[in-house]
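Open the structure in your viewer and get your selection tool ready.

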Amino acid sequence: MNKICYSVGALICASFMLCGCPSSHNLSQGRAFKLKEVSFNSLPGWNYDNFEEAMPALLRSCQNPNAQWMNFCVGLQRYRGADSYQIKRYIESQLTPYLVMSYGETVGTITGYYEAELTGTRYRVSQSQVPVYGLPVGYQNGKTYPTRADIEEDGINAPIIAWADDPVELFILQIQGSGRMITPDGEIKLGYAGNNNRTFKGLGTIFASHGIRNLHSMQNMKKWLQAHPEEGREIMAENPRYIFFKENEGDSPYGAAGVVLTPERSVAVDKSYIPLHTPMYLNTTDPDGEYIQKLVVAQDIGKAIKGGIRADYFWGHGEEAFSKAGRMKNKGSYYLLLPKS
């Protein structure tokens, strides 16, 4: 008989192997999130995934495993360089898949994001350039700072890391949370450092409030903003949230889990339901209708990523990643892969 674990508390118990499923008197508390144990053979496309491609994401999340994941992570090290079939067999021997359900549904929304790319310079060379700010002097997490409109109008007492050529590209960088700036002297890797503690307002919502409803994708929104610089500046300013950056060294970008994200193998989730570093099996489609059925790892979070079946799929960086991420908003389901008890 399949076992069903209910509620967020049950997930934490299952994920970290601290307890079993709760007793039946707790079932009424679990409508928002349930886990149903299934077999690997029931996972769509499981036998066709390339598990070698998933190894970088798995190994990064295994860098500092807690006690409950220690056996799995230690054993995984032995499969560096192994072929896909060997890695698959190891995962099947160590983990159990659980279908995620929310309010009786098994299908939720899967979107995409990417590492933004923009051009600029380390030092200002043109009056049209806009600053990329670091954390304000004396920054306090949770403290409310000026709105985007105020910062863009008056500036803020914060170091300037670099100067962006295009305010629209900087705005998109802030939506994505991290990215890379291409300069005449090389790349500057920009990571999320903090925010002004203002409410995020989505660009699609802002456009709709202005009666502009036919853009549909981030690419079209970007083109519109660039083609209408004055109106575009006013529209962007209606999102009061502002992101401050830091310069990263080495590989990038980092997710909220503290590890480098792996293109097409890392996802952002709502960590109130799914602990970071949890392996997951994703079943959805890309913007062009092609199946995405593969092993991924929960390694990031997002302001708009809320709910038990809600994920943001990381596409990587560059124009192709931007094209995919900007058009992706599809239905999908997923399974958590948790250690065998």
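The tour goes from a strand to a loop and then to another strand.

This is a predicted model, where local features need pLDDT of at least 70, side-chain atom pairs count only at pLDDT 80 or more, and totals for chains, interfaces and linings use all residues. Residues are numbered from 1 along each chain as its sequence is written, and side-chain values use heavy atoms, with hydrogens and water left out.

**Stop one: strand S3**

Select residues 95-101, which form strand S3. Strands (E, at least two residues) and helices (H or I, at least four) are DSSP runs, numbered from the N terminus. Is S3 covered or uncovered on its faces? Both faces are covered: Leu95, Pro97, Leu99 and Met101 are buried on one side, and Thr96, Tyr98 and Val100 on the other. Buried means under 20% relative accessible area, with a 1.4 Å probe and protein chains only.

S2 pairs with S3 in the antiparallel sense over 4 bridges; pairing takes at least two DSSP bridges. Lys34 stands opposite Met101. S14 (residues 329-339) also runs antiparallel to S3, joined by 5 bridges. There, Leu338 is the bridge partner of Thr96.

**Stop two: Asp49**

Select Asp49, in the loop between strand S2 (34-37) and helix H2 (51-61). Its relative accessibility is 9%, so Asp49 counts as buried. Which side chain does the side chain of Asp49 meet in a polar contact? The partner is Arg265, at 2.9 Å. A polar contact is a pair of N or O atoms within 3.5 Å; within protein, one must be able to donate a hydrogen and the other to accept it, and residues adjacent in sequence count only if both atoms are side-chain atoms.

**Stop three: Val267**

Select Val267 in strand S10 (residues 266-268). Val267 counts as buried because its relative accessibility is 1%.

Key:
Buried < 20%, exposed > 50% of the residue type's maximum accessible area, 1.4 Å probe, protein only.
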